[in-house]
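Subject: Structure for your review

Dear colleague,

Please find below the structure that I am handing over to you. My notes on it follow directly after.

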Amino acid sequence: MLKKIEDQVNPEKVIEEVEAMTKDAGRVQKETLRKILEENSDAEYLLKHGLDGRTDPESFKSCVPLVTHKDLESYIQRIADGDTSQVLTGKPITTISLSSGTTQGKPKFVPFNDKLMDITMQIFQTSFAYRNREFPLGNGKALQFVYGSKQIWTEGGLAAGTATTNVFRHPRFKKHMKAIRSEWCSPDEVIFGPDFHQSLYCHLLCGLMYREEVQFVSSTFAHSIIHAFETFVQCWEELCANIRDGSLSSRITHTSLRSAMSKIIHPDPVKADLIHSKCSNLSNWYGLIPALFPNVKYILGIMTGSMLPYLKKLRHYAGELPLMSADYGASEGWIGVNVNPKLPPELATFAVLPDIGYFEFIPLNESIDDREQDGESDFLRIEPKPVGLTEVKVGEEYEILLTNFAGLYRYRLGDVVKVVGFHNSTPELQFICRRSLLLTVNIDKNTEKDLELSVEAAQRLLAVEKLELVDYTSHADLVSEPGHYVIFWEINGEASEEVLNECCNCLDRSFVDVGYVSSRKVKAIGPLELRVLKRGTFQKILDHYVTMGAAASQFKTPRCVGANNSQVLQILCSNVERKCFSTAFG
Ligand code: AMP
């Protein structure tokens with residue numbers, strides 16, 4: 001559906017097309033599957049499964065199995081090693097995306113191609129069109145806290161980078177961004193700078209230099225926006241000094257950055273004084289973003305899922321500005337667009353675009369029931385019965401299966417979503433959690449969402465004391481006997497012993513899963529442990545991932561750190577300041 005990019009995208013036209021397509025979602029899905037299977041009919045993978053050139057949904061579903069990334073690893077590795085035969089796709093794959101790895105511990109290789117690039121731009125255009133209808137942008141720039149990761153080359157000579165990096169580096173990317181009024185303030189050297197901290201400082205400086213032109217502030221995941229303004233709070237006087245005399249802080253050491261920034265920065269004492277006075281007049285930095293950028297219309301970024309806990313802080317910096325939750329996708333492909341941008345992030349939904357892939361949904365209730373009947377403990381070992389895009393039911397939760405234009409067929413993305421309504425005949429999804437993030441010691445099963453709810457409840461006790469939870473994660477300690485949950489908190493401020501004990505008990509009590517509660521009662525699971533971390537520990541975790549090659553743009557704090565993620569666990573354990581155990585179950 002992507003139109004040839006003109007100088008400006010016509011939002012009404014884009015909306016018209018999306019409305020027409022989503023009214024006919026069932027037919028468009030069939031047509032999309034036909035296209036995918038036709039283009040790739042000679043791919044070894046599809047031939048091996050006996051599809052034999054057939055392109056109808058029934059043959060596809062009966063021949064091709066549901067897979068996880070692990071099942072495809074050997075095929076993707078062959079491609080990365082330089083096999084140019086039709087392994088997964090008709091046309092050879094020339095680029096690899098590295099998933100952020102922040103949810104699983106290590107990055108995964110997934111195929112990327114021009115079709116995925118086109119779809120990315122289609123998503124950006126669509127999302128822009130719906131947003132612009134409610135909150136029109138003027139001419140100007142976007143302050144985007146985005147960071148490219150290092151591009152590496154695989155054994156077979158394929159370029160490999162995070163999905164966002166592959167998109168940012170694409171030759172057509174900039175023209176697309178201009179057409180949707182999302183041109184960024186910072187030069188490429190800043191985006192692709194070799195040091196994340198230096199790039200962040202330069203992003204801030206560029207934003208301030210163009211402060212009147214900035215139309216919106218964004219990042220891929222909202223965490224990067226908060227991180228950016230927390231950094232601003234630390235170094236705002238240095239930034240003002242740079243603007244006042246047109247110099248660049250000595251903390252910027254890379255010549256590429258220094259030379260690119262020298263073209264932007266020039267002495268502007270009036271601007272420096274204005275920023276200084278605006279900052280000095282703020283109360284506890286409330287409303288910092290609109291104070292710095294007078295023409296900003298909204299804040300944009302993924303704010304759902306694991307980003308929800310940061311909303312309070314984001315709202316503090318955003319003041320009265322609207323927060324707009326960005327779209328839903330993964331390195332493996334896009335899923336849906338936020339077509340109701342006026343909804344607050346807590347209620348954000350994503351309408352699935354039926355022409356960007358073929359989607360199936362594994363009903364979650366069904367597989368949980370099956371599991372109980374079979375006494376099965378591993379979700380992935382049950383053969384589930386997926387339903388099609390237009391067959392899903394409102395109110396039900398599902399795991400998403402993706403078939404895309406880059407060689408993934410019936411691929412278990414690992415995300416749990418809830419259908420909350422329909423946009424015409426395509427479902428609107430709410431992101432619930434990663435399916436694999438489970439805290440489990442005994443017969444208990446708590447997901448990322450359960451943890452989020454429990455932390456949310458306990459956090460209210462902190463808020464009463466005017467203390468702020470900076471970030472959190474968890475670990476199931478199976479070494480101690482009996483095993484128990486460990487929750488790691490980084491707190492802004494000094495919590496009393498009494499408050500910590502209350503929080504710890506509240507965390508323990510708020511896991512309402514029957515398996516957990518019954519195990520706690522009979523002491524098959526030990527008392528929950530709350531460990532308070534030194535300030536800056538989560539920054540160390542982000543730095544760790546960036547050093548390992550992840551892009552800061554795609555960073556998501558892992559909400560559960562398993563024993564196999566030993567380096568992160570080590571960072572956490574070596575930064576514990578205080579700890580306490582729950583007395584909630586006696
Ligand atoms: P990555 O590993 O960087 O490709 O991250 C992709 C994952 O990020 C998805 O599978 C989701 O778990 C999460 N994600 C992406 N978009 C959203 C969103 N809009 N809301 C919540 N989580 C999201």
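Leaving out residues up to four places away in sequence, T304 touches S325, P345, A348 and F350, where contact means heavy atoms within 4.5 Å. T304 is located in the loop between β7 and α15; helices (H or I, at least four residues) and strands (E, at least two) are DSSP runs, numbered from the N terminus. T304 is buried, its relative accessible area being 11%. Here buried means under 20% relative accessible area, exposed over 50%, and partly exposed in between, with a 1.4 Å probe and protein chains only. From C-alpha to C-alpha, T304 is 8.9 Å from F221, although 83 residues separate T304 and F221 in sequence.

Please note that this is a predicted model, in which local features need pLDDT of at least 70 and side-chain atom pairs count only at pLDDT 80 or more, while totals for chains, interfaces and linings use all residues. Residues are numbered from 1 along each chain as its sequence is written, and side-chain values use heavy atoms, with hydrogens and water left out.

The ligand

K556 contributes a polar side-chain atom, which lies 3.0 Å from an oxygen atom of the ligand. A polar contact is a pair of N or O atoms within 3.5 Å; within protein, one must be able to donate a hydrogen and the other to accept it, and residues adjacent in sequence count only if both atoms are side-chain atoms.

The ligand taken alone exposes 490 Å², of which the protein buries 95%. Such areas come from the Shrake-Rupley method with a 1.4 Å probe, and for residues only the protein chains shown count as cover.

Helix α15

In helix α15 (residues 311–318), the buried residues are L311, K313, L314, Y317 and A318. These residues lie on the same side of α15 because they cover an arc of only 160° around the axis, the arc being that of the directions from the helix axis to the C-beta atoms. Their packing partners are α11 (223–245), α14 (288–292), β7 (298–302), β8 (323–325) and β19 (468–477). Just after α15, G319 takes a positive phi of about 60°.

Loops and backbone

The loop between α8 (173–179) and α9 (188–191) holds S182, and R181 lies in the loop between α8 and α9 as well. R181 is not a glycine, yet its phi is positive, near 50°. Is S182 buried or exposed? S182 is buried, with a relative accessible area of 3%. Apart from residues up to four places away in sequence, S182 touches A142, Q144, M177 and F216.

R181 is also one of the residues that Q8 touches, together with K178 and A179, again not counting residues up to four places away. Q8 lies in the segment before α1 (11–23) and counts as partly exposed at 39% relative accessibility.

K523, in the loop between α19 (514–521) and β21 (529–533), has a positive phi of about 65° although it is not a glycine. K523 counts as exposed, at 53% relative accessibility.

Finally, the peptide bond from E481 to P482 is cis, with omega near -5°. P482 lies in the loop between β19 and β20 (484–492).

With kind regards
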